[in-house]
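Please read these points with the structure open beside you.

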Amino acid sequence: MTSEIERDGGAARPGRSQSRLSRRGVLGAGAGALATLPALPVAAAEPAMSGMNHAHGPAAQPSAGAAAVPPGDGRLLRVPFTAGEPLVEPEVRRAVDGVLATTLRAAYAYRDVGGYRLFVRTYEGTVPGPTLRLAPGDTLKIDLVNDLPPNRDPMPAYIDQPHRLNTTNFHFHGAHVDPGGISDNVMRSMEPGLTHKIEITLPEDHPRGSYWYHPHHHGSADVQLASGMVGAIVIEGDFADVPEIAAARERVLVLSEIVYDGFGMIEGFETLFPETAARFFTINGQRAPEIDMRPGEVQRWRLFHTGYQDDFFLKLDGHTLQAVARDGMPLPRMGTREIRSDADATDPDAILIAPGQRIDILVKAGAPGVYDLKGLPYDQGYPSPTGLFARIRVAGEPMDMALPAALPPAPFPDITDAEITGRRTLTFSAITPEADAAGHWSEFSFLIDGKPFDMNRVDQRVKLGAVEEWTVVNAHRDDHIFHIHVNPFQLVAVNGAKLTEPVWLDTAVLPRGGSITFRSRFLDFTGTFMLHCHMMNHEELGMMQVVEVYEA
């Protein structure tokens, strides 16, 4: 037996001893507001909604025990819902003897969440899918069973539009692994009705931390990810040498935004456009769960932003969210500030997390009481969604736990001026209708260097071993989210201003009308992979390029 499944969703087991790491080693809410939940428990009250850009009124939220709409009348089914149920963590599947061998089945499933019965694409019938836990040097072997129905549409001549929504593949987001063959190859097409082999081996010196998986097949990735085909990956052992973090209770929190049509499904791009289409938030597939803490307790929360489109500006009332790592790599110091393009988003106790990013935070509980973890207003060129994520109940015997005084160094040394072998500039832009709110999604194009994505065109060729500095310019009025596969990067400047504390990332906010500058070492692996905007609406409509690393 080469894998172990934990079905209690409880506390993580102790990880392996840490080895030394080398350098590789929301239809249209005008104010962007989601439904606001009343105080616990949920009663027969309608949630408050913001004004709408389109004819779309608020839907009554059923009280607990209310009867669902009878099946067969063609309307969205309502189901009983009570906020404040205990948080449940995803099932855990763990490597044994250096191998995690498992099956992931992609299939439709009914999902009762937040007062609605949805019918969406899932992994293993759950949202999110199981959490995968490995160590550096381990091999991940997956039989991906595509049990989605056959596609009914042919391949279009123009691929930068949604198509063939039941073809899929698999991406290990953030991993420094081989992008070819049956490894982390996002060029693969995994058709319905077949089982597809995946085998990904982590380098022995791979950084330990928080990663995740999701589909990446161009044409279907947006719909599948928005449905909830996502899952967390933990490469174990990070912060094992920091006693204050090692002693903290660890929680896996998969953050998402819920979107659906009038039938409780996601079967067309109109469901995902306009960009303010999200209905409410979930954590681990639950709407407004309750997280328990004791006064004075420190918990470590691994936050995974698996939403399809929007930034989340998170705040826990009465507390400070102390970031210690981003994208699986330690920050220079606890609470290092992220990129914020909204000048009004100045709350020092809140954090911004963008689609695709992971942030590890420490929370030290205050006095007994109930506190809201919520999404605050944020301007990302359009309003980010707002609303309740969870409630934290602080109760019980006090604990006396400390926060760390310092964090370990990043797993890679800084990239110096002397190392740079080349520089290049990329420009993100968009073609939009004259009146965005009146436009159909097909009137939008999202471009890099003035071109839409073409999987048969290599846009960036980089020699293996090169160390390059890239400046990515945003010529659009909205923020974008830059992500590149295989090799992480060191962010060194934002809007032309050098950072006094460069940060290692694989996903970064690209400010509207601004730029980011980063440096990266292209090591170990040749082949083709992607860079793109991780706002998945934008990726699907063309904001992606092919990168080829070649060996001379």
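1. Start with E124 and R93, whose side chains form a salt bridge with an N to O distance of 2.6 Å. E124 sits in the loop between β4 (116-123) and β5 (131-134), while R93 belongs to strand β2 (residues 92-95), so the pair ties together parts that are 31 residues apart in sequence. E124 is partly exposed, with a relative accessible area of 29%. R93 counts as buried, at 6% relative accessibility. Keep in mind throughout that this is a predicted model.

2. A second salt bridge joins D292 to R251, and the closest N and O atoms are 3.1 Å apart. D292 is in strand β13 (residues 290-293) and R251 in strand β11, 41 residues apart, and the pair thus links distant parts of the chain. R251 is buried at 3% relative accessible area, whereas D292 is partly exposed at 43%.

3. K451 and D459 make another salt bridge, with their closest N and O atoms 3.8 Å apart. The cut-off for a salt bridge is within 4 Å, so this pair still counts. Here K451 is partly exposed, with 34% relative accessibility. D459 has a relative accessible area of 16% and is buried, because buried means under 20%.

4. How many salt bridges does a search of the whole structure find? The search gives 36. Some charged residues are linked in a network of salt bridges: R94, R133, E236, D238, E250, R300, R302 and D360.

5. R279 deserves a separate look. R279 is located in the loop between β11 (249-258) and β12 (280-283). Which side chain of opposite charge is nearest to R279? That side chain is D261, 7.0 Å away. The limit for a salt bridge is 4 Å, so R279, although buried, has none with D261. The side chain of R279 does reach the backbone oxygen of Y260, at 2.9 Å.

6. β11 is also part of an open sheet of six strands, in the order β12-β11-β14-β19-β16-β17 and with mixed pairing. β12 and β17 (329-330) are at the edges with a single partner strand each, so one side of each has no neighbour in the sheet. Within this sheet, β11 pairs with strand β14 (residues 298-305) in the parallel sense, over seven bridges. V252 stands opposite R302 in β14, and R302 is one of the residues in the salt-bridge network of point 4.

7. Strand β8 (residues 195-201) shows alternating side chains. Which side chains of β8 point to the buried face? They are H196, I198 and I200. β8 runs antiparallel to strand β6 (residues 139-146), and seven bridges join the two. T139 has T201 in β8 as its bridge partner. In general, strands of a sheet pair through backbone hydrogen bonds, either parallel or antiparallel.

8. Last, the overall figures. The protein has 552 residues, and 61% of them count as buried. It contains three helices and 32 strands. The accessible surface of the protein is about 20,000 Å², and 52% of that belongs to carbon and sulfur atoms.

Definitions and conventions. Residues are numbered from 1 along each chain as its sequence is written. This is a predicted model: local features need pLDDT of at least 70, side-chain atom pairs count only at pLDDT 80 or more; totals for chains, interfaces and linings use all residues. Side-chain values use heavy atoms; hydrogens and water are left out. Helices (H or I, at least four residues) and strands (E, at least two) are DSSP runs, numbered from the N terminus. Buried means under 20% relative accessible area, exposed over 50%, partly exposed in between (1.4 Å probe, protein chains only). Accessible areas come from the Shrake-Rupley method with a 1.4 Å probe; for residues, only the protein chains shown count as cover. Lys and Arg count as positive and Asp and Glu as negative; His and the chain ends are not counted. A polar contact is a pair of N or O atoms within 3.5 Å; within protein, one must be able to donate a hydrogen and the other to accept it, and residues adjacent in sequence count only if both atoms are side-chain atoms. Two strands pair if DSSP finds at least two bridges between them.
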